[in-house]
Structures are given as C-alpha cells and as structure tokens.
Amino acid sequence: MAEKMKKDAAELPGTSREAEEQQLAYVIDIAQEHLVQARKAIREANEDLADLMEVYDAKDKEGLTLWNNATARLKEYKQNMVRLEKARKKPYFGRIDFLAKEKQQKEAYYIGRVGISGDDAQPLVLDWRAPIASVYYENGLGPCSYTVLSEGTHTIDLERKRTYEIENDRLKDYFDSDVVANDELLTKYLAKSKKNVLGEIIATIQKEQNLLIRRSPRTNLIVQGVAGSGKTTVAMHRISYILYNYKEDFRPEDFYIIGSNKILLNYITGVLPELDVYGIRQMTMEELFIRLLYEEWNGKIYRVHPVSQEAWQEQKGSTAWFEKLEAYCQAYENQEIPQEAIVMEKTGVRLMRPAMIREYLRDNPLLSMESKILMLNKMLYARYENVITGKVISFTEKERKILDKKYSTYFGNGKWNGSVRTFYQDFLRAQQQEGIPIEIPDTSFDVYDLAAMAYIYKRIKETDPVREASHVVIDEAQDFGMMVYRCLHYCMRGCTYTVMGDTSQNIHFGQGLNDWEELRRLILRGTYDAFGLLRKSYRNTVEISEFATEILRHGDFPIYPVEPIIRHGKQVKVQASADTVAMKDAAANQIQEWQKNGYETIAVICRDETEAKEVSDLLQDTPNLMSYTPERSQFGEGIMVLPVVYTKGLEFDAVLLWNPTKEQYPQDNGHIKLLYVATTRALHELTVLYQDTLTDIIVTEAPKEKHMQEFQTESLQKAKEYAKPVHTQKEIEQQRREEGDRERQARSYLGPKKIQVKKEQKIAGTETTVKIPKPFEVHQALIPKNRNQLKKTPEKKTKSSAIDGLVNPSPYTYGTFPPESHLQVKGHSRGKFFCKMGEKDKAVSGDRQCSRTSSADTDHTVDDPCQLCKGRYRHDPGYELESTGRYRSNMERKRVAFRGAASDRSYPDPGAKNQWCGAVFKQRRQETACGKSFGTPIASGQSDLELFCLG
C-alpha cells in the first residue's frame, strides 16, 4: 500500500513554484489548442450555411431542415468558444490534493471556471460546479466528504487546498490556506474595480454562499442577506449550478428570474453568460402577473404604474387583503354553482344530492370555478345516462334531446362570460361599501392590482392550466407585500422558489416585508425547505459600512446582524453647497477625480425620478454620462444618474448622493431604509452633496446607548437531503436478508412453503433417516374425496402424516396438468353465480344449466338430489364424447344426440321444468358435478338439442 501511494504521489503535479509554472504552461497550451479547434469548427459551420444558401431555395423543406440544424450547431459552437476563451484567459484558480479512502489513492485536481480535458480525455481542470469542487469551497484540511447525485457520498482526506493568482498567462502568486480566500487575498480582489471583481467572484465564493448555491432545486429557499453580501450573485451562481448538475430535470426555460426593476434585470442578463447560462427568462413582478393574465390583458389599453405611497395603499399588500379577495371569490362561486338536489323528470330519481355537490367543491379547492362546473356536469350527465339506459320509463326522442342538453350543461357551459377587470372592480366597490377608503383603477394598475387579477383569473376562469416554470428566483423580495406572494403561490403551484432579500432595505414603507415570518410559513413547508442567512458584507469599506450602520441605528425596527470584511478606504465626504450651480461644479469635479483614479462605474443617486431627470440634464456636459432612460439603461461603464428605487441590487465603484435634505428624507423608518440603500451602493468611495438643510438622519447621531433589536436565527447548515447513508458490509448483507424475507412473505401464496424438518428426519450431515413416500402416494393422499370439501372448508386440508414437512403440498404431481374444471377463473363479484345461461333451440330458449363439474365417484338418486344445484335443475346425460375421451370445447356450439326419451329425463324439482343441470356425465361412469352417480345411460329414444359444454 505504501509503495502504491508513493507511486501515486510521483504522478501528481508538483507543489513547488517551478512545478506549478510548468503545469500552468502545459494547461494553457491545451486550452489554446481547444480554442483553435473551436474557431475552426465555427468557420466550417459558417461555410456550411453559405453552401446551403447556394444549393437550396428558401421554400425547400429539406434545405430548411438542414439550415436549422446547421444554425443550432453554429450556436452551440459559439457558446463553447466563449467557455474556451474563459478557460484560456485564466485556466484555474484553485487546487485540492486528497487521499481517496475508498481507493486508498492520492489524487489532485485543479478547479476553474470551466473544465479542461487533456488529449486522453482525462480532466486537467474541473468545473467549479462539479460535486467534488464543493470540498474546495466548504471544507478545511482533514477528513471530509462530497456527494454525487447518482453515486452517493464519498469520503476523502483533504491534504492541501491552494489558491492561485494568475494574470496574463503568468503565475503571480499562490496561497495554501484552510479557507477559500484568506483576508489578504479577498481584500485584494475586493479592492479592484467593479468590472474586475465580477471576474473573480467564482474564485472567492465563501462557504456560507456555497451552501446556498448547491442547495437542491427541488426545495424552497429563503435567503436574508445584508447589503453587499452577494445575494444577487449567489442567485445567479445557483442557477448555473442547477443547470450543470440537473441537466435531465431542468432546462433554462424552466427558470424565471424576477427582479424589482429593469436595470437590475439588464445587469443579470449581462452576467449570466459569464456563468455559462443562456436562455433564462427574466421579468419584473408586474410582467410576471401580466403573463399570468393571458388573454385578459390588452397591452394597447392597459398600462402599469408604480405603487402609490398613500396610506390606504398599505392594506392592499397585506395577507388580510388577500383573504378578503379569497372570501369574495368563494361567495361568488357559491352563488354561481347550484347546490340544491337534482331530481329527474318523470322518474323522480334523485341524480345528485346537495351534500355530494358540496363535498366535491370542498375536496377540490385548487380547481377554478369553471373547471369545477365542467366536472360536475360530467358527473351529473353520467348519472343521467344510467337512468335513461335503465328504460324504466321511456322518453321520446324530442324529450331525450332536451334532457341531454339540460344535464350536459346543468351547472354551466364552462365558458365564463365575465371580465377579470370588471370582477376586480366589483370587489373593490364591495370594499368601499364596507368603509375602506380605496381607489378603483380603470386602465392603469400597480403590482397589487395585477396580482389580484391574476388570482381571479386562476380562481374563476381558467379551464386549461399552463405550466409556467419549475423554479422561480426572486431578487429584492422584501419590496413586495404578502398579497403578491399569496397570489403567486396560488397561481404557480407546483414550482419551487429561491427568494433573496434584506428586510432592512424595504423601501416601500408599509407595503413590503419587514420580516420573513409570514413568507416562511407560506412556502417553507417541506422537510428540506430552508432559511439561510448571509451576515458578511463584502461590498463596502469599513468607513462606508460604519456610515450606513449609523443611519440604520436611527430606526425603530429589528435588523439582522452585519459582519463587514475588514477593508479600509477613504472617509465618507459630506459637502455643503451654496446653490445648485455650486453643487453641479462640485459634482463634476468629484466625478472627474474618480475617473482619474480608474473608477469605471459611477452613480449619482437622487431621491425620485423627477429629481433624477433634472440632475441628468444639469450634468449633461459631463464626459461618459449615460442618458436618463431607467427602463432601458444597461449597467456598465460610465456615469449613471438614477433614483434610489432603481439602484436596488446594484453596486458601483463610487457613489455621489445628491442633496439628501430634511424635506427629501424626513426621519421615519421608511426614509431611513431608503437612505441606507443609497449609501450602501458604493464599493470604494461615497460623497454626499447638499444645499440648504441636511437630513437629521445624517446630521444627528443615534444615542450611543441605543441598541438595535436583532433577529435571532441560526446559520444555514449543509443540506443532508438525497445523501445516501453509509453502511458497513455487514449492515448491507443484513438489509438484503430482511428485504428477501419481506419479498418471500409477500409472494408466499405463489411459491412453495418452507421445509419444516422434524427431529426424527434426516438432516444433512447426520445419520437419522426417514421414509419419503412416492410422489403418487403423496398426491393421492392429498386429493379430497369431495370437491365441496374444498369449497366449504378450504382452511382444513387433509394431509397424510407421511408427508409432513414436504416442499410441495399440491395435490398434483410435478409435471401433471389439473382437470380443466379446476382451472376456472374465480369471479370478483361477491354473489355466488354458479348457473350460467345456456341458449338452446327456440323450444327451450332461456333454460338454465348448472355449470360446475367434478370427477368424484359417489352416487345419488332422485330422492337424494344433486348437492350442487340442490335438485333444482334437470340433468342431461347426453353429452357426446369425442374420440379422445374429452368433452367438447366450451367454445364449440353443436347439435348432439340426447340418448333417451324426453319422459325419461329426471325432474328432481317439479317446478324446474325446462331447466337443465349442467353437471357433466362421463360415458358409462355417469359422474356429476356434485359427485353423485345419476344412473345408467338411456339407450332408447333420441331428441336433438343444441347444447353448450359448460364444464
């Protein structure tokens, strides 16, 4: 074993700087070769497309098919080239060396943004999303484990974890550490500009972030993350991880990303391709509910407006408001669906009871009203058809048509003639009548109006459900009230959620979420659903973080604890100006200074959209200033002028906070959170420019003795779901024995019974002997004397003492076939229908015959009637035998001669005239089904009868 480990160590990449530089050069050469091949493949694909255009006409079906295939192939090549370019730029950022305990073999793997394979298809670099890469992010040196979905859990002994700094194909430095990125390296990454930081995120994913990223997509997850903790980044990496590891279960179109504004979504759109993710649908919450309205939304007439900050608006975002809407829809359903007894004309038959209707409505709460109507119509029509086909009372054809139409659409035709918009307006009028001051929208709606209408559509109108998504990722989730989540949970049932947010950044005052308790009770209902907490802030310097925390301490609301990364920078600059012109000059000078320092992303944050438009016009001569189009702006290099609400989820190298006066930011909880959001957008520098009176939230200090109330919660632990338990070989063998015992018990009625060896019998290895009877003797002894004995007392089987403990207690010798009469299939009905209808000629049509047969050898007379049919039916001895001695097939129909005069037929029951017992008589032996001999064959007289052999 020691020699094998030495050999493995010799084959591993070296650990010295020289060896690492050689390995880097080798991997770069391989990556460059792959990139050249990818570019060649793209050129060839483009040439194929050009050839297709020359050879085929645009309407040629074959040419169109080839064109589509070539286009898809070219798209795949381009995406692959993007991956290879990333691999070529920086092949890897980490390495793990470990001892695989199962193989007792040492292994080493490099970890990068994408996987790289050598010429022999062996992996040189592992993709960061691979299962074993979790060891790099989560574990320290020593024993640890990782889980592969299709294989289970593997245990290893981690011996080295190394992080690399690679720039311009050169190894700058490397670190051996217990953590992914130590404080020195992490601080170095965070000190870079925003553009460069994005490229280093994968290399610096922390343990608590990795636990969230690798959580199963089949579970719900809520994440509370402080400002700068990387919530949006974690959500995007989570999608990339799921698509890589769950390819068979999830496709890009199975995901929805929901953001609070278009700028955030545009930022996400630009980052996802860097994570090898394409084709994810992204939308705002308003757009999602518009999508769920389907044909009810007319984009030419209706429009969307932001949520009003009026006091009466607060109740529209609450759970209580949803419950009012839910009760209103239920009352409407009770009014529209008749629930009285339904009695059919002429017959007086009650087709449906009121309790039956109410029970169906109660047991199907997730169906829409129209779906319930359609199903009740089907149930009613089926009962109506049963009554009609009974023919107790006949109906004319005209009556039948009228009744068919009536009962097929008794509850409704399944097509709701109402309007969702009108229905919602009626609901709001009903609330006004109850004294609730609320405005009724006409053609412009906010997110809560759209949520309510989407719920109404799903609850009342929908008849053909559409599967929208399998997993929904919601960023900045604290901006939406519970009304949104209750409607979303009802409309998109069956999907799972990843919800990211920070209650301290709820800028919608009383309408959003100030804690997660209600939402946790709504969606975290599964065993493995989880709530995660991200405490560390990686965005701000210590100086900016302290400034923002002081703002937050003015509030009277509980917060989640913040743990900033120790990274120092410049103090926050607060500068007064005499007038607007002075503010403009100060802003232009500050922006110019930041640009000289290499800051690429700069934001000027204003209070609202009106002020942002004015400031954008004021600074229009500033170089690299983007035009003010918040709904279409793309996050990138340059200067952006934005209102606070559009900066959610974004971060900039430097931020200039424009004129936070006492009027703009009064000292209340809502404006405290708004100002906290604005100040926490800066990575490196923050400047506050104002004129007149600065807001008290910044000017005054919170009492030092004041302590903010903090939410108490535990950190998320590594998920143990789907991990296969580890068992010893002895436990595995015992488990197999138990499973075998359960299987044998389940099929014991089919197989032989277990051999019970008595003490006096011979056991292997002993001298004890026992006489084993011949098979013929055994099976003859097991045959009952009377068939009724099996029928009446099946549990009491006659056994010979000589056969106790034998394997097979069957009355038939191995290889023999039981009589056909013993192989009749038992019916499933509880009734004992022994007699079957036998159709003969017209003279005796409708006669009944007994269908049971037997081969027992006892006698009976007229005074001692047949025990099978109790003497009720006539016995026919006239079955003709084939030359083989067998009875005719029970599927054969033929006239046979009855031997004997009609007067000689026995009638044990005088009232059973023209009814024949189907007991079968063998020629000469005259055996009946009940085992009684009926007498000798009659030689005189014949009559032709058409008979069935029912044996």
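**Figure 1. A hairpin of three residues joins strand S5 to strand S6.** Helices (H or I, at least four residues) and strands (E, at least two) are DSSP runs, numbered from the N terminus. S5 covers residues 142-148 and S6 covers residues 152-167, and the two pair in the antiparallel sense over seven bridges. Two strands count as paired if DSSP finds at least two bridges between them. To find your way in this view, look for serine 145, whose bridge partner in S6 is threonine 155. This is a predicted model, in which local features need pLDDT of at least 70 and side-chain atom pairs count only at pLDDT 80 or more, while totals for chains, interfaces and linings use all residues. Residues are numbered from 1 along each chain as its sequence is written, and side-chain values use heavy atoms, with hydrogens and water left out.

**Figure 2. Six strands form an open sheet with parallel pairing.** The strand order is S10-S9-S15-S16-S8-S17. At the edges are S10 (281-284) and S17 (530-534), each pairing on one side only. Neighbouring strands are turned by 15° against each other on average, direction ignored; axes are lines fitted to C-alpha atoms, for helices over the stretch in contact, and angles run from 0 to 180 degrees between N-to-C directions. Within the sheet, S9 (residues 255-259) runs parallel to S15 (residues 471-474), and four bridges join them. Tyrosine 256 stands opposite valine 472 in S15.

**Figure 3. Helices H9 and H10 lie across strands of the six-stranded sheet.** H9 (residues 262-271) lies across S9 and S10, at about 165° to S10. H10 (residues 285-293) lies across S9, S10 and S15, at about 105° to S10. Contact here means heavy atoms within 4.5 Å.

Figure 4. S21 (residues 601-606) pairs with S23 (residues 652-658) over four bridges in the parallel sense, and isoleucine 605 has leucine 657 in S23 as its bridge partner.

**Figure 5. A search of the whole structure finds 26 aromatic pairs, and two are shown here.** Rings of Phe, Tyr and Trp (its six-membered ring) pair if their centres lie within 6.5 Å; planes under 30 degrees apart count as stacked, over 60 as edge-to-face and the rest as tilted. Phenylalanine 98 and tyrosine 109 are stacked, because their ring centres are 6.1 Å apart and their planes at 25°. Phenylalanine 98 lies in strand S1 (residues 94-100) and tyrosine 109 in strand S2 (residues 105-112), so the pair ties together parts 11 residues apart in sequence. The rings of tyrosine 328 and phenylalanine 423 have centres 5.4 Å apart and planes at 75°, so this pair is edge-to-face. Tyrosine 328 is in helix H11 (residues 319-336) and phenylalanine 423 in helix H15 (residues 420-433), 95 residues apart. Phenylalanine 423 is buried at 5% relative accessible area, whereas tyrosine 328 is partly exposed at 26%; buried means under 20%, exposed over 50% and partly exposed in between (1.4 Å probe, protein chains only).
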